[in-house]
Amino acid sequence: MNILLLGIGNVLWADEGFGVRVIERLQKSYRFPDQVKVMDGGTQGVYLVEHVQAAEVLIVFDAIDYGLPPGTLKRIENDDVPNFLGAKKMSLHQTGFQEVLAMAQMLGSYPQHLLLIGVQPEELDDYGGSLRPIVKAQIQPAIDMAIDYLQVFGIKAEAINRDGDLADPVLNIQRYEQERPTADAACRIGDDRVLQVEGFELRPPQSSDERTVQVDVDYRGKY
Amino acid sequence: MTVTHTPNGFNLNDAGRRVIVDPVTRIEGHMRCEVNIDEDNIIRNAISSGTMWRGLEVILKGRDPRDAWAFVQRICGVCTGTHALTSVRAVEDALKIKIPENANSIRNLMQLSLQVQDHLVHFYHLHALDWVNPVNALKADPVATSALQQSISPHNPKSSPGYFRDTQNRLKKFVESGQLGPFKNGYWTNPAYLLPPEADLMAVTHYLEALDFQKDIMKIRTVFGGKDPHPNWLVGGVPCAINIDGVGANGAINMERLNLVSSIIDRTIDFIDQVYIPDLLAIAGFYKGWMYGGGISGQSLLSYGDIPDKANDYSPSNLLMPRGAIINGDLTKVHEVDLTDPEQIKEFIPHSWYKYPDESLGLHPWDGVTEPNYKLGPNTKGDRTHIKELDEAAKYSWIKAPRWRGHAMEVGPLARYVIGYAQGNKEITEQINFVLKTLDVPVTALFSTLGRTAARGLEAQWAAGKMRYFMDKMVANIKSGDLATANVAKWDPETWPNSVKGVGFTEAPRGALGHWLKIENTKIANYQCVVPTTWNGSPRDEQGNIGAFEAALMNTKVERPEEPVEILRTLHSFDPCLACSTHIISPDGTELTQVKVR
């Protein structure tokens, strides 16, 4: 049975990097049997199709906008996953990943078991920034949730302590955070929208008085 | 109402109804497009706006230049390797580092494999649905589809009626279950779709085949980059060793790995020759009456060139992918391009949401400034967080306006191909002549949306052939005893001068890409990227020249303004990728693309 643990997201956008940081911790601290693949999917879209196709069990880690308090961890299973990924447009890759699932389905091989472990982000608009503490604190609980789920399939994870971190050592979370220049040095100044610090807040969809036709030539929304 | 004549030859008239497409879908990143149409539904004014802010420069400041590739690789989900390659070249240029021949061949193989894969995925999975109607494919006769397939590609073994019937049944199941997946909610009743059902079925079948095939191409980057996604790169060479007698899938490159790459290259060449090119020609044959979308492609084209034959020589004669600039539509003269010349490439911002000390002047990327200044013009409709209509007389995009000697330029496969053609490049000229002859169209047909799409297909074919060339070249070099893959003589920052600057360039699948950096006291002091979509998607400049997207939309007839498939067709033909040209501003609850007609 092929199992894929896949973290998606962009490490450069604060809490958007959650999925990839979970993978980093998994690679550092756990050893799995050979049929388990632990993969940093970044923001890759179509290019992930083959890995999804090859998996019978797929666990996805991501930052998801559930409309819940920041830091809330929530699991979604099986048929609900694609709907959830496409429910709200929050990041570049989410539409992409929903499309990846649809393509895998069209090609006729789709994971039999699909689990999405998502965290509600606090901050996305801090380019070059790292996870906020409240989101970072959910890395271990997200891993525990996955390990728990894998037990159903008879898969055991062995805790280890490996020196190397993420396969991209320069993006290692400690280095990434420590070597970030100060806001002054990096000229991290901007307009009020860039500097928005009230945290992550969804704007309600705007109503429009004009004649509006909705078209969706992308892969968002339910299907 | 205003009527304006732009210096680059377009008459803008904003009197008609405004059509707004936001976001433009099936692209990477966030983009908005507004046009005015006249009473005959012809586009008379066009505005392209990047709706995200680019913060890349800001995050690299103060970092170790040897790490920059890993950051730029994460900007976007599409051009990962191209950015990484451009970055290591910029650092090598600054520090005067020479790379070994094997490293050059391996980098070219990775870059070419990305070109091929990106072009293939773009044609079948992002762009095809602008021309191909999957719902119409349900009406096709599989026997007639099989006959069509055999007539356009006699050597393609997958051409039986049963094969097409299977796809049709699979598609039917999707449609009947209400799960159109990627085909959901297109404009499938729009008269702009011209293919007969059999051609639609053939193309949809290859949509699935290409999806299956593209993943093989990726394995090339896994072999040389250690992993994919996110292959590894190295300032000074490539991070893989060669041990020709080794065994196994991990560790050094061995004969087994090289044979795998070689077989993938062979299959790639076959797929492009037997599937991609015949499909392209067949589809183009039905649309050759639709000659919109040329924009500035007949006037102003730019390519930095790429794929150095010998290592470390970036002069035009050593670059297999053409380098040069064409201006004023004069194909008899290809101008030399110098990325270090402060008079050639400059970025302007009078219509971009940035701040310069003097906004009437452009800045060369080495002196580039990226300071946001989000300000809307007085004629904007809506407010700061919900813009209904942009005011193009003021600032209206997060994309800067780069210009080459003051000219707005188009970059990308069509630019590279027209420049190669103008230079008399033998391979490119033969390919172009073959297409023109097959379709029975004049050379001016190249300057169109379809010409852009055709050039991309030809370039994929060219790139696959060059993969074979570099593979053979590398194997011969290894057999002669040269196993070097990296030069680490200047790895230690103590060997670096206090203050240096460099520029790295590549031709990304969607066009010319440059990274300019300054290193001071071993850290990045300034880093500026001018990416392909900055060129193509640029807003107006201080002279009023419109950018390539804007120009390409001009004078196009839109059959149904509420279903602007013609706009998407032309924008998609550039393969826009805005993730790195701009940066997301704030989350947005809007779920669907909104087309507004006012």
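**Close-up views of the predicted model**

**View 1. B:Asp575 is placed in the loop between helix 14 and strand 17 of chain B.** Helices (H or I, at least four residues) and strands (E, at least two) are DSSP runs, numbered from the N terminus. The model is predicted: local features need pLDDT of at least 70 and side-chain atom pairs pLDDT 80 or more, whereas totals for chains, interfaces and linings use all residues. Residues are numbered from 1 along each chain as its sequence is written, with chains lettered from A and ligands numbered from 1 in the order in which they are written. Although B:Asp575 is not a glycine, its phi is positive, about 55 degrees. B:Asp575 counts as buried because 28 C-beta neighbours lie inside 10 Å (buried: 20 or more other C-beta atoms, placed from the backbone, within 10 Å; exposed: 12 or fewer; partly exposed: in between).

**View 2. B:Cys577 lies in the loop between helix 14 (565–573) and strand 17 (593–597) of chain B.** With 27 other C-beta atoms within 10 Å, B:Cys577 is buried. An unreviewed UniProt entry lists B:Cys577 under "binding site", together with B:Cys76 and B:Cys79; such annotations, given in the numbering used here with feature names shortened, may be inferred rather than shown by experiment.

**View 3. B:Asn312 occupies the loop between strand 7 (306–308) and strand 8 (319–321) of chain B.** Its phi is positive, near 70 degrees, in a residue other than glycine. B:Asn312 is partly exposed, having 16 other C-beta atoms within 10 Å.

**View 4. Five strands of chain A form an open sheet with mixed pairing, in the order 3-1-4-6-5.** Strand 3 (36–42) and strand 5 (73–77) are the edge strands, each pairing on one side only (pairing requires at least two DSSP bridges between two strands). From one strand to the next, the twist averages 15 degrees. Strand 1 (residues 3–8) and strand 4 (residues 57–63) run parallel and are joined by five bridges; A:Leu6 has A:Val60 in strand 4 as its bridge partner. Helix 6 (residues 139–151) lies across strands 1, 4, 5 and 6, at about 165 degrees to strand 6 (angles run from 0 to 180 degrees between N-to-C directions of axes fitted to C-alpha atoms, for helices over the stretch in contact).

**View 5. A:Leu5 and B:Leu302 touch the most other members of the largest nonpolar core, which has 215 residues.** Such a core is a set of buried Ala, Val, Leu, Ile, Met, Phe, Trp, Tyr and Cys residues joined through C-beta atoms within 7 Å. Helix 7 (residues 197–225) of chain B contributes the largest share, 14 residues.

Notes. Two residues are in contact if their C-beta atoms, placed from the backbone, lie within 7 Å.
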